[in-house]
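We will take a short walk, one selection at a time.

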Amino acid sequence: MTDAHRPATEFQRSLDFTFDNLSLLERAFVHRSYLNEAGEESGLRDNERLEFLGDSVLGFVTSELLFARYPDRLEGELTNLRAALVRRETLARFATELALGDYLLLGRGEEDSGGRTRPATLCATFEALVGAIYLDQGLEQVRSFLEPRLLTE
C-alpha cells in the first residue's frame, strides 16, 4: 500500500448507500499490478472480472437511458450517443471526479509511472466499481449511481 492509497471504506462514505459486501467494493480497487507484488498468499483478487461485468452493465444502463430519453432518435444516433458516453475519456473523467485513483491498490511500477491518473486505469476502475455496485446492490442502484453522471453529458 502506498501513501496515496485511501481505504475503500472511506470511499463508501461518499456514496448514498452502503455495500452489503464490502469486499466487492475493495476488489474494485485492486489493480493486477498490486497482486504481482502481494502474491497469491494475499488472498486478494484483481478488479478485472468486475471491470468486465461493469462494462456490460454500463452499456446496458446507458442504452436503456438513451432509448427512453430519445424516443424519436434512430438506432445509429443512439449508438453514437452511447459510444460518446461510455468511451474511455468520459469514464476516466467520472473516475477522476470520484477520486477513484486515490483508492487504488497499485504495484510500485504502476504507481511510479502515474497509474493513479492514467485514463485507461481510471476507466477500468470505474467499470469495476459499476460491476461491484451491480453485484452488491442490483440494477436499480446502478441506475441511481449512473444516471446523474450520464444525464449531465
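Select Arg-116 first. Arg-116 sits in the loop between α7 (108-112) and α8. The model is predicted, so treat what you see as a computed picture. Is Arg-116 buried or exposed? Its relative accessibility is 11%, and the cut-off for buried is under 20%, so Arg-116 counts as buried.

Now show the side chain of Arg-116. What does it reach? Another is Glu-111: a polar contact of 2.8 Å joins the two side chains.

Next, select residues 119-137. This is helix α8. Check its length from end to end. At 1.5 Å a residue, its 19 residues should span 27 Å, and the end C-alpha atoms lie 26 Å apart, which agrees. Then show the surroundings. Of the 19 residues of α8, 14 are buried, so the rest of the structure largely encloses this helix.

Step on to Gly-138. This residue follows α8, and its phi is positive, near 95°.

Finish at the contact itself. On the α8 side, select Phe-126, Leu-129, Val-130, Ile-133, Tyr-134 and Gln-137. On the α9 side, select Leu-139, Gln-141, Val-142, Phe-145, Leu-146 and Arg-149. Color the contact by residue type: nine are nonpolar, two polar and one charged. Look along α8 as you do. An α-helix has 3.6 residues a turn, so residues three or four places apart point the same way.

Note on methods
Residues are numbered from 1 along each chain as its sequence is written. This is a predicted model: local features need pLDDT of at least 70, side-chain atom pairs count only at pLDDT 80 or more; totals for chains, interfaces and linings use all residues. Side-chain values use heavy atoms; hydrogens and water are left out. Axes are lines fitted to C-alpha atoms, for helices over the stretch in contact, and angles run from 0 to 180 degrees between N-to-C directions. Helices (H or I, at least four residues) and strands (E, at least two) are DSSP runs, numbered from the N terminus. Contact means heavy atoms within 4.5 Å. Ala, Val, Leu, Ile, Met, Phe, Trp, Tyr, Cys and Pro count as nonpolar, Asp, Glu, Lys and Arg as charged, and the others, Gly among them, as polar. Buried means under 20% relative accessible area, exposed over 50%, partly exposed in between (1.4 Å probe, protein chains only). A polar contact is a pair of N or O atoms within 3.5 Å; within protein, one must be able to donate a hydrogen and the other to accept it, and residues adjacent in sequence count only if both atoms are side-chain atoms. The expected span of a helix is 1.5 Å times one less than its number of residues.
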